[in-house]
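Hi,

Here is the structure I said I would pass on.

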Amino acid sequence: MIVCNGNFESYVGLYNDDEIQIHFSNEFFKKPSSFDKNSFSFPSNIQNNITEIFLQVCNELSEIYIVDSILEPLKNSTINNNNNNNNNNNNNNNNNNNNNNNNNNNNNNNDNNNNNNNNNNNNNNNNTSQFDSTTNEKQIYNETYESSDNSFYTSPNHKNYNDNINSAKSTKESIVYQYDLDEDYYSKWSFALTGLELEFNCVNSSVVRTCSIPMDELTAKKLHGPTSSCLYYARFNSNICGSPIIPEKTPTPIVEPEFRPPTKGGNVLIQGYYLVIGAFSFTIYPSEILSIISESVNADATNITVLYKGGCGPRSLIWNNGNNYTFNHASPSIQSLSVNDSLVLINGDNFCNVKEMVGIFMDEIKVDKQSIELVDHEKIKLNYNQQYCKWVEIKVVSGGLVSNVFKKEFKPNPIKINTIPSDIGGIVIIEGQRLSSSIKSTPLVKIGNFSCIVISSTINTIECNIKPIPKGSILKDLIVSISIDGIKNDNKLLFSFDTPFISDILITQGIIKINGDCLGTNSSTQIYIDDVLQNNITISVNEKQTILLFQPSIQIKKSKLYLKNEIKSNEVILDSSFYGKFSESYISVDGQLVNYTLYNINQVNYNKIPIIKFLNNITISGIDIKNSTEYSTHTYSFQIPNGCGRKEFFISIGDQGFRSELYYGTPKIRNCSIGINQMIVCNGNFESYVGFYNDDEIQIHFSNEFLKKPSSFDKNSFSFPSNIQNNITEIFLQVCNELSEIIIVDSILEPLKNLTINNNNK
């Protein structure tokens, strides 16, 4: 079993939840056999010369730990015993070596030289085997790990050399070897392609021999191509030349400056010293083999251009002599960002093209990977719904590396706007996205040059009020401007006054009810049905020009309807051939059983049951009262539930149906008088409305104080403080947005007016 030690106390619970796995010797993401606060263990499985261990915790990868050296006993135990030819060759070499060691006879010098050459050949063969074994490694990815304190852990991108591979001590100034005094040593290196010959200067101390070659940039540029060496055999005081430099004896490569290729790859430059001595290719871990230099006398061994296919996260350059250099790619960089509704497009470099290795952070909050539509090295596309108008800090984490912080303003995006009469002004309703801020500041709205005073705002709606517009002003195609915390919209939404707009049509009690804006007046508005002006109808428009009522003189079956009030409205489809009427003009707020007559029922629906469905999905089935055998016009009873105001519903029978509404009615004020402490007290039958008062559904209008809640409200009366401001004083109730009848109370307030005058004179 392999046992790894560390401080794992905080992770034991995650192991029990199957959130911890390992990578070891090509067994990718295998759960440990045991895991406690001090160690974890798992069965060994030796498959190659480079063995790494790291943990995956909640899909995030820890640092890589190289453990090759501790596994030699396991590797030796897994040698293929069936490879008899290799075993025999090894035994023969061992026997020859033993004979050489025990025999000092000069007649055996040739045998020794042969054995040395055999050893060199074996070293070269072993090196090739080691190089090939890396081609079966699995790709290792390492993405961002976010720690418990919300800081970022980025994968290491520093140099990581394996100095145990060879005994050369290399710097940019020299190559130095140290040998025992009785050990064979290099005396000369030759590079045939460039004509470079390097002789070692050897100095002996009492215990070691130090051999060195001075190095400079010009010399380092020529260290490539086929090599040969002279090896001095100390025991025989003889140089033997012609063998290639043993890979294990080549200097450790120096990569400088740091190698940080783009994630998309391409022609990339690797710079440094001793990069290609005795080698014509190396490997990007695990299996991307790169040719690293052309066989040209003018080639520069310190500046190597290779065609790299790209990648993500930490990777390793592996030379055929076993040296390796761990690198990461260039850091991601955000260059621009655009927002279209909820679609965000990030442009830049080095984003990688593997979604699992990319993290996107908006104001330090990681975006769900499911929101990412596209990840490429230079582009990221994602769905991101920023509800508020604000500045957002964006960064991308790719392969463990963090990008620059890019600040982007998410601007208000008005999409739709109503219209109002210019001569009376009114409430403008703007719909869209990001129409409020997270700090609840009040938006500033201008329509053309006219200020619109904001009454309320949410993330999707702004309501603001415009006063009557002076005559002669420009009223068409005015630009809507919204500013929230200094951030302004840049889309072009246009507004026009006095443009009639039909938003909805209902059929109520056989009456056509049109909801909209700028619907005109009783005398100015014209109605067209299928492009024919309707002359013989009576039109009723409310004061705000938002509701128009008329009763059609004929049945209208799927016809085109529009209005004209100097300006033509939008067109809608109307079908009044099937409609209905309640037997009562209004419904009691307590609910009641009422009759409802349907007109123009199709014959196929005579025996069907009519159903009323409200917007809150409450459904009521009708009961045939059987008062007539005429089924094209027939009456049914419905038990209407309690409620107040107006309630829209859809009524259907068989395959016929239409939208309508019912009206619950409002309380009637009988009289008002002055009570104790100058309180106004109004009397009436309000018993059914006490519950609505408790639910804040009842307000009053008194002496220009609009929509003020009564101080008290019971079944017989309500009261509120007096406030005398003018000669005409009206009182009415608003119940669930419906207004009661107006009562004039000016006469009862004379004592209060006189009291106010006397106090002012004093």
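**Salt bridges**

Arg646 and Glu661 form a salt bridge, with their closest N and O atoms 3.5 Å apart (the term means a side-chain nitrogen of Lys or Arg within 4 Å of a carboxyl oxygen of Asp or Glu). Arg646 sits in strand β58 (residues 646-653) and Glu661 in strand β59, so this pair ties together parts that are 15 residues apart in sequence. Strands here are DSSP runs (E, at least two residues), numbered from the N terminus. Arg646 is partly exposed, at 36% relative accessible area, while Glu661 is buried at 8% (buried is under 20% relative accessible area, exposed over 50%, partly exposed in between, with a 1.4 Å probe and protein chains only). Salt bridges with shared partners join Lys513, Arg646, Glu661 and Glu738 into one network.

Before you read on: this is a predicted model, where local features need pLDDT of at least 70 and side-chain atom pairs count only at pLDDT 80 or more, while totals for chains, interfaces and linings use all residues. Residues are numbered from 1 along each chain as its sequence is written, and side-chain values use heavy atoms, with hydrogens and water left out.

Back to Glu661: its side chain also meets that of Lys513 in a salt bridge (2.6 Å, N to O). That pair links distant parts of the chain, 148 residues apart, with Lys513 in strand β44. Both Glu661 and Lys513 are buried. The whole structure has 19 salt bridges.

**The pocket**

Strand β44 turns up again here: residues 511-517 make up this strand, which gives the most to the lining of the largest pocket, with 5 residues. (On a 1 Å grid over the protein atoms alone, a pocket is an open set of points where a 1.4 Å probe fits, with protein on both sides within 12 Å along at least five of seven lines; lining residues have an atom within 4 Å of a point.) The lining has 46 residues, and Gly516, Asn542, Lys544, Thr546 and Ile547 lie nearest the centre.

Gln545 is not a glycine, yet its phi is positive, near 60°. You'll find Gln545 in the loop between β47 (540-541) and β48 (547-550), and it is buried, with a relative accessible area of 10%. Lys558 also has a positive phi, near 45°, but Lys558 is exposed at 66%. Separately, the peptide bond from Glu256 to Pro257 is cis, with omega near 5°.

Cheers

Terms used: Helix = DSSP H or I, 4+ residues; strand = E, 2+ residues; numbered from the N terminus.
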